[in-house]
Amino acid sequence: MAYNLPEIYQATLPGGMRLLGVEYDRAPWLSLTFMTKRGAETDPVDKPGVADWTAELLTLGTERRSQLQLAEDIESKGASLDAKSGWDATLLNLEGLAEDFSELMDTMAEVVQTPSFPEDEFPLLQQRRQAELVHQQDDPREMANLRYLRLFFGDSPYGHAVQGDLHTLDHLGLADLQNFYRREFSPATATLVVVGMRTFARVQEEAARVWGSWQGQGPASPPYAATPENLGAPGIYLLDRPDLTQSEIRVGHLGLPRTHADYFPLKLVNYILGGGGFSSRLMTRIRSDLGFTYGIRSSFSFRRAPGPFTVSTFTPADNTAQVVREIQAVVTEVHRNGVTAQELAEAQSYYVGHFPLGLETSRGIARQVLSIDLFDLGTDYLKNYCEQVRKVDLKSAAAAARDHLYPDQLVTLVMGPASRCAESLQDLGPLKILEEI
Amino acid sequence: MTPSRKYDPAAWQPEIVMERFTLANGLTLFVLPDHRLPIVSLQIHYKVGSRYELPGITGISHLFEHLMFRGTATMGPEEFSRLLQSKGGEINAFTTRDHTSYFENLPTEHLQLGLQLEADRLLNLKLDDENFQPERQVVISERKLRAVDSPFGLVEEQLFATAYTQHPYNWPVVGWDQDLHRLTLDDCLAYYRSHYHPGKITIIIAGDVEPEQARKLVEQYFGQISAPPAAPEPKVVEPPQRGERRAVVKKVSQVEALVAGFHIVGLDHPDLYPLDLLSVILSGGKASRFHQEFVRPGKAIALEVELPPLPFSAQDPDLLAITAVATPGQPLPKLEQELWASLERFQQEGVTSGELARAKKLLRSQAVRSLSHNFFRGLLVGLLHLKTGDAGLANRILSSIEAVTTDDIHRVARTYLKEDNRTVVVLKPVSPEESEALGPLV
């Protein structure tokens, strides 16, 4: 398979900000992403949502343009602007047609450098967020995800909801958002990623024009990379939701940071355990053999600090205890005995064969470049990727499974109708009934 | 192409190059070559979806899609997916009202394997009780996920069940719960024989492949499969609606909401383009009318016009749906009243040229972006051919959007967004106790 890997160009702009670019020729498209490497993990314990709300507020007015004017100008170019925080980073993404390159570059710089923090928009933002959080309670999968993080991480930085919390909404003020912006938005922590139908020389020239004099303020919060303490105790927890017909199930424990040396072996082990769809053991056992669920997957959420390892699924409530038992058995088996040579070879050939499919869209390329930059993986990462995958052998895969899966440390949350699953769950061990988390 | 031209947007051509072949057994093949990456999107579209079902066996098309992964005479359950995935492929399938589609996005070197396995499961599918029973349970779990436990799933089902009285768009693709329990293996075998043959297949191969080479491969694996005489297509016409219809769904919910549906046109009708633009003018983006009037000031959590984008538009006349979710604490009837008042102003005053230009550029940019993706280009050609018989539509979308005038928007707003043509389903929140008293959720 001979093809040209995209070259990741890099430069430092006069103001000190980092610029990464990929020239893209499949469509006259442009994907601009501004990233500051601080996100929701910096939210104060009593003020979850600060980072994410700040990102949205930046799109609601600049010194030059109102919310409506900005939206009209962007959308009349057929472009879209999206802003959000995640763990470890806050991203503003502006995408549009390559023919509007200069205007889009100008707009991104204006939004990041000269937000007006309009006082009339803040209460509207707060009101919208409150309504959205109320509505979110009707989504069982999302609620199970959020409740699980809370149960597992408690008050540590990855334990709250990125979008904010209904109980603490009133704690957030405009000043909190302005402070987050002043502190965390500066060239020292920021990167601009440009993937599009323009040469890098042209991108660099334009970026220097619009970003060259940006200073920002800072200093940024220290990057969070610690191992969290006071995690939720292993065991089975049940949150009663009498209105649901299926139970949402989350099972997991603490995982690894993205930069851990065992990243590749563990990625392959997880594919075999539950990341690889119909190729995975969890799907084979719980869906194909038993017909208990439409979907089940496991994932390691690799972040700057250790993120969670989680198995997620749902099942008609009467099956709940059986499904939890089966998950425990599959995780234990992989932990103890590793994976087979055939499974490993298939997982490796999946990742190597799939690699060029990730290079089709500008968004797909941008996502990889952002991750490379956020975790300092090096601009030659794509060139070495397939080699890293191929290098994993049975021994290193078995070691990764043994060292990083802990079947006796599992924290299990069931959110479902207690009347139909509590009794059978008690057969698996002590059951803690939760009123709320 | 020289490097400078390669990155020059003005030099880019949006036209999809396609070559069509028809095999003697009736199978249609389209090849869309693009050699920039060593990958292909292989798509097998069967002309069968829920519109081909009858009451009593609703959901059988979708259940059958699942059964196609359960193995053949020589392959075990899910081995199809495992084998192609291990070559780097993205493997999946989806069922709609009009078609069932299977796809494999693969490194080119494994295209032959993909075709071989697709032909194998068409000819040699293993249909027995051991495969059928667990898969039925999987689909029952999927129905609970998508319809019963999802915030608006039951409301949307009720909308179509109320708006369509005679046409099969009346029932959901996933099927009614009772039918999923009642279906038998024999029903599935009969369905397989009627609908899974070359006469109902459109194959798309988009990506790094030469048309003639692709044709030979398809001929090799599918050419010898026979097709029964063509059966007549079901042609049910939903009679015009003569007055507003309303329904209420009571469910545990934190919000009050409504979904309103207006009967519009099918995929082959030119009014679809002004209707697409109308939906962008009303709710596409943060400068749209509904965002500015309702969402930004906090009158509604969401107010969205929903019309499946090309090429996913339904073959027969569909519904243009408006979902309105009231902000907690604000009464839904007031929001509904304001919504209809806003639509009435829209019908009276029409749109500005600026609004239309914004909507056109948004649709154009979405189309341009999608064209970078082999998978999407393949869907565009395959689904337009399957639903209208005219794959060339794929290359006329941009000009059709461009040709729409403000008068067209005004006309379609007055023609379709009428009270008599409207079905409204209201989601009324109840407590868990009240919900239980209403009987089981299915």
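This briefing describes the folds of chain A and chain B, one topic at a time. The structure is a predicted model. Chain A contains 15 helices and twelve strands, and its radius of gyration of 23 Å is close to the 22 Å that the globule rule gives for 437 residues, so chain A is as compact as a globular protein of that length. An open sheet of six strands with mixed pairing is described for chain A and for chain B.

**Overall form of chain A**

- Taken along the principal axes, the C-alpha atoms of chain A fill a box of roughly 65 × 55 × 35 Å.
- Buried residues make up 51% of the 437 residues of chain A.
- Among the contacts in chain A with a separation of 6 or more, 82% are between residues 24 or more positions apart.

**The six-stranded sheet of chain A**

- Strands of a sheet pair through backbone hydrogen bonds, and the pairing may be parallel or antiparallel.
- In chain A, six strands form an open sheet in the order 1-2-6-3-5-4, with mixed pairing.
- Strand 1 (9–12) and strand 4 (80–85) of chain A stand at the edges with a single partner strand each, so one side of each has no neighbour in the sheet.
- On average, neighbouring strands of this sheet are turned by 15° against each other, direction ignored.
- Strand 2 (residues 18–23) and strand 6 (residues 190–196) of chain A run parallel and are joined by six bridges.
- Within this pair of strands, Leu19(A) stands opposite Leu192(A) of strand 6.
- Helix 12 (residues 362–374) of chain A lies across strand 2, strand 3 (29–36) and strand 6, and runs at about 155° to strand 6.

**A buried loop residue in chain A**

- The loop between helix 11 (341–354) and helix 12 of chain A holds Leu359(A).
- Leu359(A) has 21 other C-beta atoms within 10 Å and is therefore buried, the cut-off being 20 or more.
- Pro6(A) is 353 residues away from Leu359(A) along the chain, yet their C-alpha atoms are separated by 8.0 Å.
- Apart from neighbours within four places in sequence, Leu359(A) is in contact with Pro6(A), Gly364(A), Ile365(A) and, in the other chain, Leu37(B).

**The six-stranded sheet of chain B**

- The open sheet of chain B has six strands in the order 1-2-6-3-5-4, and its pairing is mixed.
- Its edges are strand 1 (19–22) and strand 4 (90–95), each with a single partner strand, so one side of each is left without a neighbour in the sheet.
- From one strand to the next, the twist averages 15°.
- Strand 3 (residues 39–46) and strand 5 (residues 100–107) of chain B run antiparallel, with eight bridges between them.
- Ile39(B) has Pro107(B), in strand 5 of chain B, as its bridge partner.
- Helix 4 (residues 111–124) of chain B lies across strand 3, strand 5 and strand 6 (201–207), at about 15° to strand 3.

**Helix 12 of chain B**

- Helix 12 (residues 332–349) of chain B has 18 residues and spans 26 Å from its first C-alpha to its last, close to the 26 Å expected at 1.5 Å a residue.
- Leu332(B), Leu335(B), Leu339(B) and Leu343(B) are buried in this helix.
- Seen down the helix axis, the buried residues of helix 12 of chain B fall within an arc of 70°, so they line one face.
- The face turned away from the buried side carries exposed residues, including Lys334(B), Gln337(B), Arg345(B) and Glu349(B).
- Strand 8 (257–263), strand 9 (300–306), strand 10 (319–326) and strand 11 (422–429) of chain B are among the elements that cover the buried residues.
- Gly350(B), just after the helix, takes a positive phi of about 75°.

Definitions and conventions: Residues numbered from 1 in each chain as written. Chains lettered and ligands numbered in written order. Predicted model: local features only at pLDDT ≥ 70, side-chain atom pairs only at ≥ 80, totals over all residues. Pairing = 2+ DSSP bridges. Helix = DSSP H or I, 4+ residues; strand = E, 2+ residues; numbered from the N terminus. Axes fitted to C-alpha atoms, helices over the stretch in contact; angles between N-to-C directions. Contact = placed C-beta atoms within 7 Å. Expected span 1.5 Å × (residues − 1). Buried ≥ 20, exposed ≤ 12 C-beta atoms within 10 Å, placed from the backbone. Arc of directions from axis to C-beta. Rg over C-alpha atoms; globule rule 2.2 N^0.38 Å.
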